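Keep the viewer open and follow along point by point.

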Amino acid sequence: MEKALVVGFGVSGRGAAQLLLRQGMEVSVFSDTSIDISGYPQLKDVSNASEFEAVADKDIVVVSPSIENSHKIVEYAKRFNVPVIGEIELGYRYCKGGIIAITGTNGKTTTTKLINEIINAGAKKAYALGNIGESFCAHADKIAEDEIAVLEVSSFQLESIKQFRPRISACLNITPDHLERHKSLENYAMAKFNIFINQGIGDCAILNYDDTIVRDFYDDIYGEVFFTSAKTEVKGAYLSNGKIVLNIDEAYEFMSIEDIPLKGEYNYQNVMTAILACKLIGIDDTYIKSAIADFRLPRYRNEYIGSVNGVDFFNDSKATNIDSAIKACNSMNGETALIVGGYDKGIAYDGFFTNLPDTIKHIIATGDNVYSIMQFLPSYHEYTFEITSSLERAVELAVQKSVKNVLFSPTTSSFDRYSSYVERGEHFDMIVANMKD
């Protein structure tokens, strides 16, 4: 019987363990934090074992996205030539269905969900999996040949691929993110590029032409490349006079942006990517247009959650990087108090302050990275800046201002105090709900 070690036991780790068990392997789990495997009687917890005891006699080690290459178990396994792969790679090896994979700094979840909904509306069966919150491995070996896995794939997941080769891959955009792990923008971009690295004849890549980093991937891709653009006529899909023009074999007006519920240039890029991906697998125009018209954004993406004493509250907990938060700020109409802060990802905030719109009149920072933010505060600025210890107190300070909007758009990940952006968003919802009461 083959033996496997799963490192990390979050959503991805549990999915990997389940798949390995279904394949008849003997599975052990190593975690740096306490875990409960009582619901998995076939698993063995080796978290307290030495590196030698954990890795000895294993045929494969599967790492969760949160596990870095420098982790002691990973380094030990590589030293003794035990194969190390990620959860996405493991799922790929057992998936018989087609794969569409989406990466980028912003818009991954929206685009993945939209593609999934279009395919399911178009008489095919698809599953939205991966970084979107549901493990690829939990379903991979159950997906039939005529079905499709639509995967949201992060830079962490792409670091550890070996053979992973989607039929269609897309990169939406790249802005500085996760530098605490990747150390530089160049390293981060190359991790994203891995989504294309195994593609070849018969595969398709979709690139955002308006993002120079993404556009420059073109020369190193061996599949057929299509572009999206809000500014330039390209092979693929582009905006022209308020219309999306589709240009695969020949150019024609596909739909008006007035018929798209998602607004803003960045969302039109997401929609164009989804249109291209679905057209390239043969989904009819009618199904695509209908699914787009009916689509609604997932929660905590600049979501209006109500008004208290004439102040509108917006929950943008999904803004886990500066670029996403700036886009939310630009969407505000009227004077706004902005709440930021969270996990310290090692990102410089000079670009944040220089790109704030005039509507931002007050900034309240809370979370582990408040001093990292403050060190980039310009010597001259036309907004107030305050630091506080909790999200509750940040909301209190925000509502004391004479503003039309309170926007919670953290600019960074949630892992200083929350398990996910969803838990963080739920906390903000609760604070606002208590104010209403």
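1. Let's start with Asp45, which is found in strand β3. Bear in mind that this is a predicted model. With a relative accessible area of 37%, Asp45 is partly exposed, because that value falls between the 20% limit for buried and the 50% limit for exposed. Setting aside neighbours within four places in sequence, Asp45 is in contact with Val29, Ile35 and Ile37.

2. Which order do the strands take? The open sheet has 5 strands, running β3-β2-β1-β4-β5, and the pairing is parallel. The edges belong to β3 (44-45) and β5, each with a single partner strand, so one side of each has no neighbour in the sheet. As a reminder, strands of a sheet pair through backbone hydrogen bonds, in either a parallel or an antiparallel way.

3. Have a look at the β5 end. Strands β4 and β5 run parallel and are joined by 3 bridges. If you want a pair to click on, take Val63, whose bridge partner in β5 is Gly86.

4. Next comes helix α3, residues 72-79, where Ile73, Val74, Tyr76 and Ala77 are buried. Why do they end up on the same side of α3? They cover an arc of only 165° around the axis, and that puts them there. The cover over these buried residues of α3 includes strands β1 (3-7), β2 (26-30), β4 (60-63) and β5 (84-86), along with helix α2 (51-55). After α3 you'll meet Asn81, which has a positive phi, near 60°.

5. Is Gln157 buried or exposed? Gln157 lies in helix α6, residues 155-158. Its relative accessibility is 4%, so Gln157 counts as buried, the limit being under 20%. Not counting residues up to four places away in sequence, Gln157 touches Ser12, Pro65, Glu87, Ile88, Gly130, Asn131 and Glu152.

6. Further along the chain, strand β17 (residues 336-340) deserves a look. Of its 5 residues, 5 are buried, so β17 is largely enclosed by the rest of the structure.

7. Which strands does β17 pair with? One is β18 (residues 360-365), paired in the parallel sense over 5 bridges; here Ala337 stands opposite His362. Another is β20 (residues 405-408), which runs parallel to β17 and is joined to it by 4 bridges. In that pairing, Thr336 stands opposite Asn405.

8. Finally, turn to the surface. Tyr371, Met374 and Ile387 form a nonpolar patch there, and together they have about 290 Å² of accessible area. Of these, Ile387 lies in strand β19, residues 384-387. Ile387 is partly exposed, with a relative accessible area of 32%; that is enough for a place in the patch, because patches are made of residues with over 30% relative accessible area and no salt bridge.

Definitions and conventions. Residues numbered from 1 in each chain as written. Predicted model: local features only at pLDDT ≥ 70, side-chain atom pairs only at ≥ 80, totals over all residues. Heavy atoms only, no water. Patch = residues over 30% accessible without salt bridge, like charges linked within 9 Å, V, L, I, M, F, W, Y side chains within 5 Å. Areas by Shrake-Rupley, 256 points an atom, 1.4 Å probe, with all protein chains shown as cover. Salt bridge = Lys/Arg side-chain N within 4 Å of Asp/Glu carboxyl O. Helix = DSSP H or I, 4+ residues; strand = E, 2+ residues; numbered from the N terminus. Buried < 20%, exposed > 50% of the residue type's maximum accessible area, 1.4 Å probe, protein only. Arc of directions from axis to C-beta. Contact = heavy atoms within 4.5 Å. Pairing = 2+ DSSP bridges.
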